[in-house]
Amino acid sequence: MAASGFLALWAWLAPGLAFLLLSLVVPLRRSGKPAAWLSIVFTLGALVGAVTAWRATTPDMARRMLWDWIPVEDGVLTSVGVLVDADATRMLILVALVSLLVQVYSLGYLADEPPASLGRYYTYQSLFGFSMMGLVLAPNFVQLFICWELVGLCSYLLIGYWYPRPEAARAAVKAFWITKAGDAFFLIGIVMLWSRTGTFDFSELFELAQGGGEALAGLGLVTFFIYLGAAGKSAQFPFHVWLPDAMEGPTPVSALIHAATMVTAGVYLLFRTAFLFEHAPDVLGAVGWIGAFTALLAATLACVQSDIKRVLAYSTVSQLGYMMAAIGAGFGGAGFLHLLTHGVFKALLFLAAGAVIHAVGTNDIFAMGGLARRMPQTFIVFLVGTLSLAGIPFFAGFFSKEEILGAAWAGGLTVPFGMLVLAAFLTAFYMFRVVFIAFLGGPAAAPGHGEAHAHDAPAIMALPLWILAALAMGIGIWFSVSHPAAEFAPPGWLTPLAVAVAGAGIALAWLVYGLRAISADRLFERFAWISEAAMERFWLDDLFALVYRRLILGVSRAVGWVDRYIVDGVLNVLSAWTLTAGDRLRRIQTGQAQDYVYGIALGVLLLMVWMRWPK
Amino acid sequence: MTLQAYLTLAAMLFCIGLFGVITRRNTIGILLGIELMLNAVNINLVAFARFLGDVSGMVFTVFTICITVAEVALGLALVILIFRIRRTAVADHLDLLKG
């Protein structure tokens, strides 16, 4: 049992070691390929550690290893270490696995990069692996928050990997700003929680929560602030606007950070601290409603995108909404399960999309077409991912998504349940829209450059794809064979409903984009009010731009004016007075020794008079 | 003669010396003023020694006279050096301490 702690610790520290090596040994970093292999080997080590740690855990076991960090007068303010239990190691495996596959894939995807850039890329990747695993294993809020910020930093660095491109730089800044807005609340929430309970530690908080919860009464505001942090990271409405723009980064980065791992950190956080949220049912309800609304909103947005990565990005937002909805309904396990399966198949989808982009040289699905014949392998793995996402039986997403629907129903969130079902329909529709437009059907009317010689990805990129596809199918089949025990009893009509909804979505996509029996333009005209709004992204990005430009810049200007003319003004006047007074005083220093003698004599005289002055 | 008479003489001599130190323009004159002030002190010491019957005051006076001689020699040397460097011995021109 003790072994699991050390193994998890190793899994955490291995990428950190790689990061240290790469960041300190400059020639190694600038050498490119060797740096990449170093990072890959250490990540492989982390994966092995994570898997063995998982095998050493039992369902009801939690192993803690803590080292004192910030000492205070009576004891320790906070410690660092690992908190290993079954769920943490599962998440750890997902992070290490997707990291490893993405790093291997990147060798092919970024083969044309100069060695120095490639080394930089793998340095960031190692740092990300270290930070993300530290987040997963964090035994208290402080370590979690630090790692939380570190993954945010890695996200920023990797979105802006091609920083000479202005869109990439802008997207990086946007992602950073918007997640920081949530993080500020998160930090406030953590400190408020500490001031109320006097501890950051998850285990101690858990015991407090178990022990009647008097100490935790009235946690609404605290948990809501913590949720805002999670919402920023996990791209929940209205913070979701940064995620689609984050697609400016290299596609493997999108797969790793902005689909499989980092953006799910918020979900993981809520799952991990669910015992706190149980004491704030109102906040939990809000989490469920916002999650379901995000799922639906992002699904409608995904339907009108023509950039393949943006479709996937909105789909990620939508799926994160699903997970949040499950947590909001009070069944965190369902959300966590979807997190794991989603991590696998969404990484698969992104990497497959990356293979397509790599081959075709464009992101626009309307510039693709008929790729199934040219890239059969990529088509098959993309289809596996799509079916998983759509929730088709025997694929990874089917069971977890159905469980989320069941959780929403069982949790009494009837309207969010409806939203989620509608979102499931749209999910199947928009994913198969991509499949029919990009992969099936005839070649595009306006072929992108390089499409003529589009071909399947090289082996080093294909291998991770096949591994992920096999996993997506394997998990699906394994779940179908052995249903994990659910925390609730889903109604019997749920499975047929879920399958029917997914099937209907696929059928609609087939009718519109496969058979062209229904004109796509006609369809969009029919839903003009929503499709036009979706084209404009529901004006949310504009709203954010407005808020940032007008409100924050306006406040900044006002503050700047006060600083410049009031704060600085007072100081300037004071210093001017001092200068003048000094200048006047200076003149009494004549430099004549006789004057000084005169002054001394006068002073002595005055002293004598004062001493003898009659009282 | 009473002690007061001696002390009055010493005070007057001291004031004359101080007046010279403050008002003389010539550096040599200032040195002379300082000498007068020191001698006023000497008179004080001797007078007290005489009236209190304690010889240590006179011993101090002998020391003071010796040191005054050295001080005058040093002061004159300084004045000569200043005159060589600045080509003047007038106190008004020696204002390097000016702020």
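Analyst: Chain A of this predicted model contains 26 helices and two strands. Taken along the principal axes, the C-alpha atoms of chain A fill a box of roughly 115 × 60 × 55 Å, and of the 615 residues in the chain, 52% are buried. Among the contacts in chain A with a separation of 6 or more, 82% are accounted for by residues 24 or more positions apart.

Turning to the helix packing itself, one pair consists of helix α9 (residues 220-233) of chain A and helix α12 (residues 265-272) of chain A, whose axes come within 7 Å and cross at roughly 150°. Because angles over 145 degrees count as roughly antiparallel, this crossing makes α9(A) roughly antiparallel to α12(A). On the side of α9(A), the residues that take part are Y227(A), A230(A), A231(A) and K233(A), and they meet A265(A), G266(A), L269(A) and L270(A) in α12(A). Sorted by class, this contact has six nonpolar residues, one polar residue and one charged residue.

A second pair is formed by helix α19 (residues 396-410) of chain A and helix α22 (residues 494-514) of chain A, with axes that come within 10 Å and cross at roughly 120°. α19(A) and α22(A) are therefore oblique to each other, and their crossing is right-handed. Here K401(A), E402(A), L405(A) and G406(A) in α19(A) meet L494(A), T495(A) and A498(A) in α22(A), and the residues of this contact divide into three nonpolar, two polar and two charged.

Strand β1 (residues 62-72) of chain A pairs with strand β2 (residues 75-85) of chain A in the antiparallel sense, over ten bridges, and a hairpin of two residues joins β1(A) to β2(A). Within this pairing, D68(A) stands opposite S79(A) in β2(A). In a regular strand, the side chains alternate between the two faces of the sheet.

Methods. Residues numbered from 1 in each chain as written. Chains lettered and ligands numbered in written order. Predicted model: local features only at pLDDT ≥ 70, side-chain atom pairs only at ≥ 80, totals over all residues. Pairing = 2+ DSSP bridges. Helix = DSSP H or I, 4+ residues; strand = E, 2+ residues; numbered from the N terminus. Axes fitted to C-alpha atoms, helices over the stretch in contact; angles between N-to-C directions. Parallel < 35°, antiparallel > 145°, perpendicular 65-115°, else oblique. Contact = placed C-beta atoms within 7 Å. Nonpolar A, V, L, I, M, F, W, Y, C, P; charged D, E, K, R; others polar. Left-handed = near helix turned anticlockwise from the far one by under 90°. Buried ≥ 20, exposed ≤ 12 C-beta atoms within 10 Å, placed from the backbone.
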